[in-house]
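This report describes how parts of a protein chain pack together. Please keep the sequence and the structure in view while reading.

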Amino acid sequence: MAKLIFRKLIEAKEQIEASLRRKELSSEDFSLETKQLCALREIFHYVKNERWISQERSKRKALVFLKNHCSYEKTRDELNATSKNSLEVSLSYISKKLESRIGKNTIELIMEGRLDEARIQFETGTGKLNPRDYLIEGFFNLLPPPVHSHTSLSTCEKELKFLLVFTINHLMELAVKYNQENLSYLMYVLTSMDRAIAEERRVLYQLLKGEYSRDASGESLNLNSQIAMALEEYALL
C-alpha cells in the first residue's frame, strides 16, 4: 500500500525537527530547516483548520489518525471502528483527497529545499493562488482548456508576451499613463443612462464589440483605424 500523505507529513516533520536540534547543538546554520518546518506547519494548519473534504466525519477521522501518529490500532479504538481493514480503506481514500489538494510531491519539494516551488504548488492546489487573480476577468474564456504537453516555457516566448498584456498589473501600469478625466468620462458613457450621450454610448459599444474592426472589403483594421472610423461616424451624427 502506498504511503499515506499523513504519514509523509509526520515523518517529514520529525526529520526536520531532528536536523534542527542537531544543528542547533553544533551551532550550524539551521535557517533552511527553520523555513522547511514553517512550510510543513502551514500544511498541518491547513489540514486541521480548512475545509479540504466535504464530510466532517472523514476530516475527524484524518485528524484522529494524525494525533495518534498514524497508528491504525489507536485510531480504530478512539473512533470505535469495528474493522481495521475498512478503516485502512477509508483513510486511503481520505489521503488521496488531501493529496490532490496539497500536491502529490509538495512534501518532497519541501524536503529537497525547493520551498518556493512547494509553496506555489501548495497554494495552487488549495486555491490560495489563482491565476484569475492576476489576469483580467473573462480572459480564460478566450483560451483553450489546460492540457499538459511536451512543450516548455522556453518555447512559449510569444505566448508569454500575449499573456502579460492581459495581466491586471500590466493594465494598471498602462492606465496611469492616460488622461484620467478622459478615462472617467468613457466609463460614464459606458455605464450611465444619460440620454444626452445616447449616440456616444452606441458608437462606443460598437467600437468595443468590434463592429469597426474591418473595412468595407473585409480587411482587418488596426486600432487607430478602428477608432478613426468610430469618431468619423460620431462626427456625422
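## Helix 3 against helix 5

At what angle do helix 3 and helix 5 pack, and how far apart are their axes? The angle is about 100°, and the axes are 10 Å apart. Axes here are lines fitted to C-alpha atoms, for helices over the stretch in contact, and angles run from 0 to 180 degrees between N-to-C directions. Because of this angle, helix 3 is roughly perpendicular to helix 5. Angles of 65 to 115 degrees count as roughly perpendicular, under 35 as roughly parallel, over 145 as roughly antiparallel, and the rest as oblique. Helices (H or I, at least four residues) and strands (E, at least two) are DSSP runs, numbered from the N terminus.

Helix 3 contributes Ser58, Lys61, Ala62 and Phe65 to the contact, while helix 5 contributes Leu87, Ser90, Leu91 and Ile94. Contact means heavy atoms within 4.5 Å. Sorted by class, these residues are five nonpolar, two polar and one charged. Ala, Val, Leu, Ile, Met, Phe, Trp, Tyr, Cys and Pro count as nonpolar, Asp, Glu, Lys and Arg as charged, and the others, Gly among them, as polar.

## Basis of the model

This is a predicted model, in which local features need pLDDT of at least 70 and side-chain atom pairs count only at pLDDT 80 or more, whereas totals for chains, interfaces and linings use all residues. Residues are numbered from 1 along each chain as its sequence is written, and side-chain values use heavy atoms, with hydrogens and water left out.

The 12 residues of helix 3 should span 16 Å at 1.5 Å a residue, and the end C-alpha atoms are 16 Å apart, which agrees. The expected span of a helix is 1.5 Å times one less than its number of residues. The buried residues of helix 3 are Ser58, Lys59, Lys61, Ala62, Val64, Phe65 and Leu66. Buried means under 20% relative accessible area, exposed over 50%, and partly exposed in between (1.4 Å probe, protein chains only). Helix 1, helix 2, helix 4 and helix 5 are among the elements that cover these buried residues.

Helix 2 packs against helix 3 at an angle of about 135°, with the axes 9 Å apart. Helix 2 is therefore oblique to helix 3. Phe44, Val47, Lys48 and Asn49 of helix 2 meet Lys59, Leu63 and Leu66 of helix 3. Four residues of this contact are nonpolar, one is polar and two are charged.

## The largest nonpolar core

The largest nonpolar core holds 32 residues, and those with the most contacts inside it are Phe6, Trp52 and Leu98. Such a core is a set of buried Ala, Val, Leu, Ile, Met, Phe, Trp, Tyr and Cys residues joined through side-chain atoms within 4.5 Å. Two or more residues come from each of helix 1 (5-26), helix 2 (31-49), helix 3 (56-67), helix 5 (84-102), helix 6 (106-111) and helix 7 (115-125). Helix 1 gives the most, with seven residues. In soluble globular proteins, nonpolar side chains tend to be buried together.

Which residues does Trp52 touch, not counting residues up to four places away in sequence? They are Phe6, Tyr46, Val47, Lys59, Ala62, Ile94, Leu98 and Arg101.

Ser90 lies in helix 5 and counts as buried, at 19% relative accessibility. Ser90 and Ser58 are 32 residues apart in sequence, yet their C-alpha atoms are 8.2 Å apart in space.

Thr75 belongs to helix 4 (residues 72-79). Its relative accessible area is 0%, so Thr75 is buried. Apart from neighbours within four places in sequence, Thr75 is in contact with Lys61, Val64, Phe65, Asn68 and Leu87.

## Positive phi in two loops

Ser27 is not a glycine, but has a positive phi of about 60°. This residue is in the loop between helix 1 and helix 2. Is Ser27 buried or exposed? At 67% relative accessibility, Ser27 counts as exposed.

Cys70 is found in the loop between helix 3 and helix 4. Its phi is near 60°, a positive value in a residue other than glycine. Cys70 is buried, with a relative accessible area of 4%.
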